[in-house]
Amino acid sequence: IRLAVKGSLHMKRLGMKRLAIALLLMLPAGAQTQAQTQAQTQAQPQPSPPSEIAAWVQAVAGGGFEARLLTGAVTCPVLHTDSGDVAMTVRASADEKFALLCAAKVPAGASAANIDGKPLPMPVADPRRILVLGDTGCRLEGAATQDCNTPERWPFPQLAAAAAKLRPDLVIHVGDYLYRETPCPSGDAGCAGSPYGDNGPAWLADFLTPAAPLLAAAPVVLARGNHEECSREGSGWLRLLGPLPFDPSAPCLRHVPMYTVDLGKLRLAVMDDASAPDTAVNKEDLPAYTAEIAALGTIAPPVWFVHHRPIWAAISGPLGIPIGGNRTLVQAVHDAAQAAGPDAPLIAPGVTLQLSGHIHTFEAINYDRALPPQIVAGNGGDLLHVTPKDLWGAIFQGPETVRVTKGISEGGFG
């Protein structure tokens, strides 16, 4: 795997000295087929039909990808593909908060598709260019407000547009999409007019509209973040972006079981750790996390472990000392290893990379104890955290002590 961090595009018209592009993971290059090239050309953004609000293609639990359409129409259209037409069905009916949401499974092997003439990006059997980002929303949370109307203060729309030009084969969002939870304070021009809450206008403002160039460029894998837990924006996430069928009459699902995404020579294991607090052990959900971490060893390698909250990552504590580590997940790792036997590794050796967000910075970390490296890509738009530049030697305490052998943190949006 060749790792390239894109971070020096000059955007003079934005007045930004550096515009980082989250993270681009490039697998060894291979020849593209003519069909793949043609499908990518066909998938370039076109003018939207009047009824369309947002459209995208995402990985779902149980395997494969699904096309979704948020629309102002009253019925669902047809998904046209080069493997045949598929009637889109209602995933969630329109109500007082959300527009109609339609969905259809993308036929296996399809290389081109469109809805009402607008092309959709198709899954690539063996993706070479995988872009990772997270924590992209603009924060409106009581006294903590962000200038959502100024690109330098909330650059996600510009980041998404620039990242789309890199022509990724797949986009992985590691969670936390909607931060607009409370009203913009009166007289605050930086967020004036912003919608807020778990509803369609807020989801459009914070994610679906600014992410439109990326959603048009590549299919997406969408992890659940702590902002999508049930006490916050969980219901909207499960409705719009969740990997399971949606039942509006069912209570908010606090934990989505881990699922895998088959990428040919690679598998993603996507875990929902929204309810895994950092500073205390969630004993109610601990058995689920323990079982899922243990199950990583049953997935055909190589595996990339995708989850919002990193198990071992750091922010700056007193005197600039790195502090961190998620207590719930650290305990789950310990319990899974103990159950497997005295010499069992903490994380299954088939896991070759961990991808997370949650900490609002970029970190790349190697550990001792034969643990897989960790990428933290939580700098997609929300207010940034202060983190140490050099994480070497950081120690994470707990039932199992873990040390950083090499690690960097790069501040700034990306």
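Predicted model: local features only at pLDDT ≥ 70, side-chain atom pairs only at ≥ 80, totals over all residues.
Is Cys102 buried or exposed at 0% relative accessibility? Cys102 is buried, because its relative accessibility of 0% falls under the 20% cut-off.

## Overall picture

The protein has 414 residues, and 54% of them count as buried. Its secondary structure comprises 7 helices and 27 strands. Among contacts with a separation of 6 or more, 69% are between residues 24 or more positions apart. The accessible surface of the protein is about 17000 Å². Carbon and sulfur atoms hold 57% of that surface.

## The disulfides

A disulfide is a covalent bond between the sulfur atoms of two cysteines. This structure holds 4 disulfides. With the bonded cysteines numbered in sequence order, the pairing reads 1-2, 3-4, 5-6, 7-8.

| Disulfide | S to S distance | Torsion about the S-S bond | Handedness |
|---|---|---|---|
| Cys76 and Cys102 | 2.1 Å | about -90 degrees | left-handed |
| Cys184 and Cys191 | 2.0 Å | 80 degrees | right-handed |
| Cys230 and Cys252 | 2.1 Å | about -85 degrees | left-handed |

Start with the partner of Cys102. Cys76 and Cys102 form a disulfide, with their sulfur atoms 2.1 Å apart. Cys76 lies in the loop between β6 (65-71) and β7 (78-81), while Cys102 belongs to strand β10 (residues 100-105). The pair therefore ties together parts that are 26 residues apart in sequence. The torsion about this S-S bond is about -90 degrees, so the link is left-handed.

The link of Cys184 and Cys191 is right-handed, with 80 degrees about the S-S bond. Both of these cysteines are buried.

Cys230 has 30% relative accessibility, so it counts as partly exposed. Cys252 is partly exposed as well, because its relative accessibility is 26%.

Strands of a sheet pair through backbone hydrogen bonds, either parallel or antiparallel. Strand β11 (residues 113-115) runs antiparallel to β12, and 3 bridges join the two. Within this pairing, Ala113 stands opposite Leu120 in β12.

## A nonpolar patch on the surface

Which residues form a nonpolar patch on the surface? They are Ile315, Leu319, Ile321 and Ile323. Together they have about 400 Å² of accessible area. Leu319 is found in the loop between β21 (314-316) and β22 (322-324). This leucine has 86% relative accessibility, so it counts as exposed. Cys102, at 0% relative accessibility, is buried.

How values were computed. Residues numbered from 1 in each chain as written. Heavy atoms only, no water. Disulfide = S-S within 2.5 Å. Helix = DSSP H or I, 4+ residues; strand = E, 2+ residues; numbered from the N terminus. Buried < 20%, exposed > 50% of the residue type's maximum accessible area, 1.4 Å probe, protein only. Patch = residues over 30% accessible without salt bridge, like charges linked within 9 Å, V, L, I, M, F, W, Y side chains within 5 Å. Areas by Shrake-Rupley, 256 points an atom, 1.4 Å probe, with all protein chains shown as cover. Salt bridge = Lys/Arg side-chain N within 4 Å of Asp/Glu carboxyl O. Pairing = 2+ DSSP bridges. Contact = heavy atoms within 4.5 Å.
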